[in-house]
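Dear colleague,

I am passing on the structure below for your records. My notes on helix packing and on the sheet follow it.

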Amino acid sequence: MSSSRNIPLVDLGAQHAEVADEVAVGFEKVLAATAFIGGPDVGAFEQEFAEFSGAGHCVGVANGTDAIELMLLGLGIGRGDEVLMPANTFIATAEAVKRAGAEVRLVDCDDDHLLIDAKHVAEHIGPHTRAVIGVDLYGQIAPFDQLGEELASHDVVLLEDAAQSQGATRNDQPIGRGVSAAATSFYPGKNLGAYGDAGAVLVDDEALAQKIRAIAGHGGLKRYEHRYIGFNSRLDTLQAVVLRVKLRKLAAWNEARRTAARRYDEMLQGHELVRLPMTAPGNQHVWHLYVVRVPDRDRVLAELNAAGIGAGIHYPHPIHLTEAFVSLGYPTGSFPVAERAASSLLTLPLYPHITSAQQERVVETLIGCLQ
């Protein structure tokens with residue numbers, strides 16, 4: 001098969017071509033000014049992304065994993081504390097909790113949307129539970145309104161892992177609403193992606209924002225004044241240039257993703273061997289990933305890849321079934337919804353520049369693999 005017919009899971013080249021000239025101009029200014037660390041583009045992006053997200057403050061950091069750890073540290077969550085999160089998330093969510101010194105506790109997801117199941121959260125609250133992290137999965141926001149109701153009688157902080165939901169809304173509210181803090185990632189493949197690693201924490205409370213900024217800057221806001229034990233997690237100025245340019249495109253790119261998702265829905269509707277993704281009531285999805293569920297997933301994935309279709313899996317193992325977190329002590333069967341889903345999830349190519357012809361070939365190939 002000709003490589004020209006290959007369809008990638010994500011086409012970052014097409015995205016770069018759309019913004020290349022503006023990015024080049026921005027890079028030239030940074031290089032000319034040698035403003036490599038903490039240049040004016042960092043502060044400008046933080047303000048622009050805070051306004052885009054409706055948050056009081058945005059603290060730019062080095063990556064999304066740091067962002068989760070920093071919001072925990074900023075809130076004083078660490079040794080002796082437990083943090084609840086869904087079993088079906090990328091390992092970074094759990095890693096950040098452990099890095100902050102706290103213990104990971106898992107709950108299952110709901111079968112329709114694969115978002116954290118709010119009904120299960122209250123059942124798992126213990127005397128050492130300090131926080132719940134709801135994970136926005138595949139492009140839609142977790143049910144923070146329901147989580148808030150379940151946690152109303154508990155002294156527990158509600159947090160958001162918003163790495164996959166830039167531009168999404170729930171009940172017309174953007175990321176970071178109804179929570180104490182939200183962490184996001186600007187990894188290149190995200191809806192808003194940098195040209196390397198980058199992340200941010202969104203908060204409304206100014207004192208919390210300043211504490212997080214200080215911890216991320218070796219524990220202080222001024223040079224050689226170290227109030228906290230911190231570390232180095234800075235948003236790079238060149239990455240801020242990229243993010244500023246792409247942020248201006250994000251709403252249009254998200255709408256293009258929605259159009260592509262609707263095309264997949266229409267093409268695959270009624271196929272009995274393909275379980276389509278569902279959008280939770282009140283959510284406006286931004287389709288970071290288009291994830292279906294199919295039987296004999298590993299064989300289907302291999303055949304799609306062999307045919308030049310860049311399909312993938314997000315994620316093949318729930319947290320408790322990874323080697324790194326076997327010490328949590330959850331045996332197979334502890335979170336049945338997450339475990340069943342993990343064996344059948346299949347991510348299809350979806351990005352703002354995908355064409356209807358490309359999607360037709362993806363669907364035609366997929367159906368052929370299922371017959």
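In this predicted model, helix H9 (residues 297–306) and helix H11 (residues 356–370) have axes that come within 10 Å and cross at roughly 135°. The two helices, H9 and H11, are therefore oblique to each other, and their crossing is right-handed. On the H9 side, the residues in contact are Arg299, Val300, Glu303 and Leu304, which meet Thr365, Leu366, Cys369 and Leu370 in H11. Sorted by class, the contact of H9 with H11 has five nonpolar, one polar and two charged residues.

The second topic is the sheet. Seven strands form an open sheet with mixed pairing, in the order S1-S9-S8-S5-S4-S2-S3. Strand S1 (57–61) and strand S3 (103–107) stand at the edges, each with a single partner strand, so one side of each is left without a neighbour in the sheet. From one strand to the next, the twist averages 25°.

Within the sheet, strand S8 (residues 181–185) and strand S9 (residues 199–203) run antiparallel and are joined by four bridges. Thr184 has Ala200 in S9 as its bridge partner.

Two helices deserve mention alongside the sheet. Helix H2 (residues 40–53) packs on the sheet and touches S1, S8 and S9; the direction of H2 makes about 130° with that of S1. Helix H3 (residues 64–74) lies across S1, strand S2 (82–86), strand S4 (129–135), strand S5 (157–161), S8 and S9, and H3 runs at about 165° to S8.

With kind regards

Note on methods:
Residues numbered from 1 in each chain as written. Predicted model: local features only at pLDDT ≥ 70, side-chain atom pairs only at ≥ 80, totals over all residues. Heavy atoms only, no water. Axes fitted to C-alpha atoms, helices over the stretch in contact; angles between N-to-C directions. Parallel < 35°, antiparallel > 145°, perpendicular 65-115°, else oblique. Left-handed = near helix turned anticlockwise from the far one by under 90°. Contact = heavy atoms within 4.5 Å. Nonpolar A, V, L, I, M, F, W, Y, C, P; charged D, E, K, R; others polar. Pairing = 2+ DSSP bridges.
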